[in-house]
Amino acid sequence: MEAFALAFMAMGLLVLLVFIMYLLDRVNTLERETRLLTRPLNAPKEVALAGPFAGLSSKKLWDAMSGRLPDGLDASTVDEVRVLYETVLHKHVDAIFQEGVKDGQRGMLGEPKNTKLINTSHGPVESWLPSAQVNTLYKCGLDSAQLPSDQLDAVRAALDEAGQTLYGKAMVNLAQPLSASLMPLPVAELPILAPPAAP
């Protein structure tokens with residue numbers, strides 16, 4: 001009788017061992033399948049195309065905005081990015097101009113960089129602008145802080161020209177000349193509009 005009980009216990013342990021091995025195999029299979037399903041979500045290509053700027057930044061972002069489409073992106077995607085790029089461009093232009101203003105106030109002459117990290121409501125993005133316009137924007141900021149007010153008309157004109165060039169190349173609408181927001185005329189110098197003539 002004792003031998004029968006031991007044999008029965010041994011059979012029970014063997015069945016339990018086989019059941020545990022089966023469960024471990026199922027868990028491992030499920031884990032492998034889960035990894036395979038999540039792999040496309042982590043693939044670098046998918047990540048690169050994700051986000052509000054379609055994975056573009058720095059000069060690649062500028063090139064796409066100025067008409068040189070990168071491989072793998074169609075015109076409609078670039079047009080969607082361009083809507084968001086307007087804020088990036090405005091903030092970058094403003095930052096370069098203000099850098100010039102600050103250096104002018106301190107009596108310093110710096111060298112502006114083409115790239116700048118711009119914070120947006122969609123997250124930070126590195127922006128790049130052409131050297132010619134970057135230098136002009138910086139110089140306008142510098143001059144606005146150092147030159148007397150009677151010499152600022154030429155600075156405003158240079159600022160507006162740089163803005164038209166940048167916004168035109170990026171195919172972004174420029175609602176008003178840059179000087180209107182960055183170098184507004186003092187109230188005393190604003191033109192007086194005549195009242196409309198009576199009918």
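Asp103 is buried, at a relative accessible area of 7%. Buried means under 20% relative accessible area, with a 1.4 Å probe and protein chains only. Asp103 sits in helix 4. Helices here are DSSP runs of H or I with at least four residues, strands are E runs of at least two, and both are numbered from the N terminus. Beyond its neighbours within four places in sequence, Asp103 is in contact with Met108, Gly110, Tyr138 and Leu142. Contact means heavy atoms within 4.5 Å.

## Basis of the values

This is a predicted model, where local features need pLDDT of at least 70, side-chain atom pairs count only at pLDDT 80 or more, and totals for chains, interfaces and linings use all residues. Residues are numbered from 1 along each chain as its sequence is written, and side-chain values use heavy atoms, leaving out hydrogens and water.

## The largest nonpolar core

The largest nonpolar core has 37 residues, and Tyr85 and Leu129 touch the most other members. Two or more residues come from each of helix 3 (58-65), helix 4 (75-106), strand 2 (123-128), helix 5 (131-146), helix 6 (152-169) and helix 7 (178-182). Helix 4 gives the most, with nine residues. Such a core is a set of buried Ala, Val, Leu, Ile, Met, Phe, Trp, Tyr and Cys residues joined through side-chain atoms within 4.5 Å.

Leaving aside neighbours within four places in sequence, Tyr85 is in contact with Phe53, Leu61, Trp62, Met65, Ser127, Trp128, Leu129, Ala170 and Val172.

## Helix 3 against helix 4

Helix 3 and helix 4 pack at about 110°, with axes 10 Å apart. Helix 3 is therefore roughly perpendicular to helix 4 (65 to 115 degrees; over 145 counts as roughly antiparallel). Axes are lines fitted to C-alpha atoms over the stretch in contact, and angles run from 0 to 180 degrees between N-to-C directions.

From helix 3, the contact uses Leu61, Trp62, Ala64 and Met65; from helix 4, Val78, Val81, Arg82 and Tyr85. By class, seven are nonpolar, none polar and one charged. Ala, Val, Leu, Ile, Met, Phe, Trp, Tyr, Cys and Pro count as nonpolar, Asp, Glu, Lys and Arg as charged, and the others, Gly among them, as polar.

## Helix 5 against helix 6

The axes of helix 5 and helix 6 come within 9 Å and cross at roughly 155°. The two helices are therefore roughly antiparallel. Helix 5 contributes Gln133, Thr136, Leu137, Cys140, Asp143 and Ser144 to the contact, and helix 6 contributes Leu152, Val155, Ala158, Leu159, Ala162, Thr165, Leu166 and Lys169. These residues divide into eight nonpolar, four polar and two charged.

Definitions and conventions
Buried < 20%, exposed > 50% of the residue type's maximum accessible area, 1.4 Å probe, protein only. Parallel < 35°, antiparallel > 145°, perpendicular 65-115°, else oblique.
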